[in-house]
Amino acid sequence: MSSSSSFSFGSLMRRPETGSFLGLAAVFLFFTAFGGVNFASPTGAASWLNVAAQLGIVAIPIGLLMIAGELDISIGSIIPAGSMTCAIISGHFDLPIVFGVGAALLLGAVIGLINGLLVIRTAVPSFIVTLGTLFAVAGMTLGFSVLVTGTTSVAIKVPEAKWLLGDFIGGIYQVTIFWWIAAILFWGFFLHFSRFGNWIFAMGGDKVSARNAGIPTDRVTIMLFVCSGMSAAFVGLSQAILYNSAQVSAGQSYIFNSIISVVVGGVLLTGGYGSVFGIVLGTLTFAVVSQGIYFTGFDANWASLIIGVLLLGAVLMNNTFRKMALSYAPKKGAK
Amino acid sequence: MADAILSLQGVNKSFGPIDVLHDINLEIKAGEVLCLLGDNGAGKSTVIRLLSGVHKPSSGQILMDGKPLSFSSPRDAADHGIATVHQFGGTFPLMSIGRSFFVGREPTRWVGPFKVYDRKTANEIAVKAVQNFGITRIDDGDRLVGGLSGGERQALAIARAVHFGARVLILDEPTAALGVKQATHVLRIVNEAKRRGLAVIFITHQVMHAMAVGDHFAVLIRGAIASDFKKGEKTREEITDLMAGGASMATLEAEIESNMASHDA
C-alpha cells in the first residue's frame, strides 16, 4: 500500500497492519498443519473466504467509524432488517428485485442517518446510540414481519438476480467475495489516497482540532454511519438472495465479529489509527479461525477460545507496533 | 493606533450571571509580541477564546485592521488570519507530520480519473516549513507527530499556522509543559515568527519566558487588566508581584531564597 520509494524492514514494522499480518500467518500455518490439505484446498479456502467476504463488507465501514472515533453496533439488526425487507418486497409481494434491493439499501441508509444525527446532535456516545437503534430495529423487523407476513421467515426466489448478488461461483465461491474485493478497493482508496481519509484520521485523533481545521466533522460522521448502515443492509439482502429465504434474527453475531476483525486488524479502539488492509487481514484471520477449526480433529467449541486469545494477543502486539511507530526517529546520517 | 492589526475595545464578557472580563482594552501590532500574563483563573483563556472565535464578547468590540468584526466560529477567525496554537500543539499524535500539517487543506493531484492526496508534496512542504523555523531534526514527513518532542510539536503547529497565512498567532501556554531546553526552542520560534512580521499573543504565567520575548505586556487580574506596559518598564519582581496581586509573592520568594541560602551554607 505504501508508495514509499525506499523499502526497509523498519518502515514495515511501523505500519498498522503488521501485527495482523503476523497473526494471520500464524493461524494460517496452525490450521494448515492441523487441518491438513483440505484446509488450504480450493474447497477449504472457499469456506473461510465466504465467511470473510460477508463479514468483511461490514467490517470495513465499521473500522472506518472506529478510526473516526465512533462505533456502530446497530449493524446486528440492520443485516436481518435488510434481509427481511428484500424478502418481503420481492418474495412475499413478488415485486421486481430492484425494489427489494433498493428498499433494503434505503432502510440501511435511513437507520445510518438516524444513528449519525443522534450522535452529532445529542453527543451521547455512539455505542449507546447504536445500542438503542440495535434493539429498536430488531423489534421493528420482528413486528413488521409478523404483521405483514404472519411469520418470522420469508422465502424469496429471484433467479434473475442471483448471479449478481447471491450465487456460488464454481459451486463453492460466493459472489459476495467479489463485492468484498470491490469494497476493499473503494474504501482503501477512500481512506488512504483521498483527502477524506485524512479527515477521518484527524477526527479520530482530536475531533475539536479537526473541526477547527475546517473539516466538516458532522457531515463526515453522518456519511460514515450511512455507509455502515447500507453495507450491513447489503450483506443482509445478499444473504436472503443466496439462501432463498430471510430470517428475523440472523445478524447479531456480526456485531462482535466485525469489532474483533477490526481490532485484530490493527485499528485503535479509541480512533485515529488503522488501515483498510489491516481490517482485511483481521477479517481473514477471524474467518480462518472460525472455519479452520472444522478441518482439524478438534472440537469446534475451541474456536472461540482461539479467537479470544487471538484478540488479546493482537491488541497487545498492535500496541507494541504502535509504540515503535511513535518512537521512531531517523538516525543522524541515515537516509 | 492605526497600525494595530487586532484590538479589543472595552470588551466585557459574562457567562450568565458571572462576569469574567471587565472592560478589556488591548492592541497588537505586526512584528510585536504581546505577553498576556496572569494567574490561573484570571481570564487569559477567555481572552483567547474571544480572539479565536470560540466566544463572542458580551459588549465592546473586536477590531481587525481598524474595522469592527465578529467571528462566527474558530474557522472564521482562522480565515481572517488568526491562528491559535494550544499547549500540546493541537496536532494529531498518530498522524504523520505531512498529513497533520495539511489537515483540512490536503494537497491533491490527479491520477487518471482519481483525485489523490499528494503525500510527497505534503511531506516536502511540511518538512521545509518546520526546518525554516530552525527545527532541522525533522527531515521525514512520514514520521508520526506523537514521536516528536513537545517543542517540536509546537514548532510544527506554529509553522503550519504561518504557512497558511496567519497574521496573528495566539500561543496558549506554549512553554508550560516543556523542559528548559524545549522552552528555549519555542521562545526562539516565537522570535522568528515576530521577525517575519507576525503579531504574536503569548499567554503564559512564567514571567521569565515572557520577558525573554515580549515587547508589550498586559497583566490580567480577576478579569481586568491590572497593568499594561512596554518592555523594560518593569522588573521581573514587579511583574511577579502584579500577577500574584500584591507584594506577598516577592516576600515569599525572598523568604524562600534566604532559607535556601542558609541551608546551602
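In this predicted model, let's start where two helices meet: H13(A) passes H14(A) in a right-handed crossing. Helix H13 of chain A spans residues 252–264 and helix H14 of chain A spans residues 276–292; the two pack at an angle of about 125°, and their axes lie 7 Å apart.

Which residues of H13(A) and H14(A) meet? On the H13(A) side they are Asn257(A), Ile260(A), Ser261(A), Val262(A) and Val264(A), and on the H14(A) side Ile279(A), Gly282(A), Thr283(A), Thr285(A) and Phe286(A). Five of the residues in this contact are nonpolar, five are polar and none is charged.

Now take a step back to the whole chain. Chain A has 15 helices and four strands. Its radius of gyration is 20 Å, close to the 20 Å that the globule rule gives for 335 residues, so chain A is as compact as a globular protein of that length. Here are some overall values for chain A:

| Feature of chain A | Value |
|---|---|
| Box filled by the C-alpha atoms, along the principal axes | roughly 75 × 55 × 35 Å |
| Buried residues | 54% of the 335 residues |
| Contacts (separation of 6 or more) between residues 24 or more positions apart | 79% |

Finally, chain A has a partner. Its contact with chain B takes 24 residues from chain A and 22 residues from chain B. On the chain A side, helices H10 (195–205), H11 (207–212) and H15 (302–327) each give two or more residues. H10(A) gives the most, with six residues. This side of chain A divides into 13 nonpolar, nine polar and two charged residues.

Terms used:
Residues numbered from 1 in each chain as written. Chains lettered and ligands numbered in written order. Predicted model: local features only at pLDDT ≥ 70, side-chain atom pairs only at ≥ 80, totals over all residues. Contact = placed C-beta atoms within 7 Å. Nonpolar A, V, L, I, M, F, W, Y, C, P; charged D, E, K, R; others polar. Rg over C-alpha atoms; globule rule 2.2 N^0.38 Å. Buried ≥ 20, exposed ≤ 12 C-beta atoms within 10 Å, placed from the backbone. Axes fitted to C-alpha atoms, helices over the stretch in contact; angles between N-to-C directions. Left-handed = near helix turned anticlockwise from the far one by under 90°.
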